[in-house]
Structure formats: structure tokens, C-alpha cells
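Colleague: I'm new to reading models like this one. Could you walk me through a few features?

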Amino acid sequence: QVQLVESGGDSVQAGGSLRLSCTASTNIFSFAIMGWYRQAPGKQRESVATATIGSSIINYADSVKGRFTISRDNAKNTIYLQMNSLKPEDTAVYYCYARTYRSGSADYWGQGTQVTVSS
């Protein structure tokens, strides 16, 4: 069973930075897409940043463009989300996500990590 384990969530003041990490229990090249989603209280889960593993096509939510950067370390089977210039509206539980098309389509989620930004 594939596992995604996130870390790095914390409480910071507005304008601060955090880096989230997500380590997969398998080689990340087994995934077609990896990325980060977030869910704020009372809101639907939304995509923050996604990247195709093979072609490295990256997509960011408009609300985070220029502030967040997704990257990966293939050797560590880990993806990262560098978050700069954090705003209170970035407060949410952040989830790591992965999709594979091997043996059919399957989506995997991490347990989530809390990011709280105070003004």
C-alpha cells in the first residue's frame, strides 16, 4: 500500500515562510502526478500546486503564484512545497497527493499537515 507522509506544517506570522515535505513509500516515478492540495475550515479542498513527474509540467493556483514553489528530490522520493510571503488566507490543512495510472487509475493522499498563518 502506497503511503504519503507529510511534515513541516506549523504556525507562523504573516509574511513568514514554511517548507512542507511529502515522502512517498515508493519510487515517485511510479506516479504520473504529485502535488499539494489544501482545505480551509468550511471550504472545499483545492489544488495548490501539481507537477507531472515525467514531463515536469507544473501548475499553481492563482492565489499562490509567485509565492509558492513545488519541487522534488527523486533520490529521497520526496516532494516539497516552499511557501513564502504567507498570508492568513493560506491557513489550511495541506495534503500531499499522488496519482498513478499503473494497473488503472489510483489516487493517494497523505494525512495532512496544519499550516496556520496569523496576522
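Modeller: Let's start with Asn77, which sits in the loop between strand 7 (68-73) and strand 8 (78-83); strands are DSSP runs of E, at least two residues, numbered from the N terminus. This is a predicted model, where local features need pLDDT of at least 70, side-chain atom pairs count only at pLDDT 80 or more, and totals for chains, interfaces and linings use all residues. Residues are numbered from 1 along each chain as its sequence is written, and side-chain values use heavy atoms, with hydrogens and water left out.

Colleague: Is Asn77 buried or exposed?

Modeller: Buried means under 20% relative accessible area, exposed over 50%, and partly exposed in between (1.4 Å probe, protein chains only). Asn77 has 19% relative accessibility, so it counts as buried.

Colleague: And how do I read a pair of aromatic rings?

Modeller: You give the distance of the centres and the angle of the planes. Rings of Phe, Tyr and Trp (its six-membered ring) pair if their centres lie within 6.5 Å; planes under 30 degrees apart are stacked, over 60 edge-to-face, the rest tilted. Here a search of the whole structure finds four aromatic pairs. One of them, Tyr37 with Trp109, is edge-to-face, at 5.1 Å centre to centre and 75 degrees between the planes. Tyr37 is in strand 4 (residues 33-39) and Trp109 in strand 10 (residues 106-109), so this pair ties together parts 72 residues apart in sequence.

Colleague: What about Tyr97 and Trp109?

Modeller: Their ring centres are 4.9 Å apart with planes at 50 degrees, so that pair is tilted. Tyr37, Tyr97 and Trp109 make up one aromatic cluster.

Definitions and conventions. Helix = DSSP H or I, 4+ residues; strand = E, 2+ residues; numbered from the N terminus.
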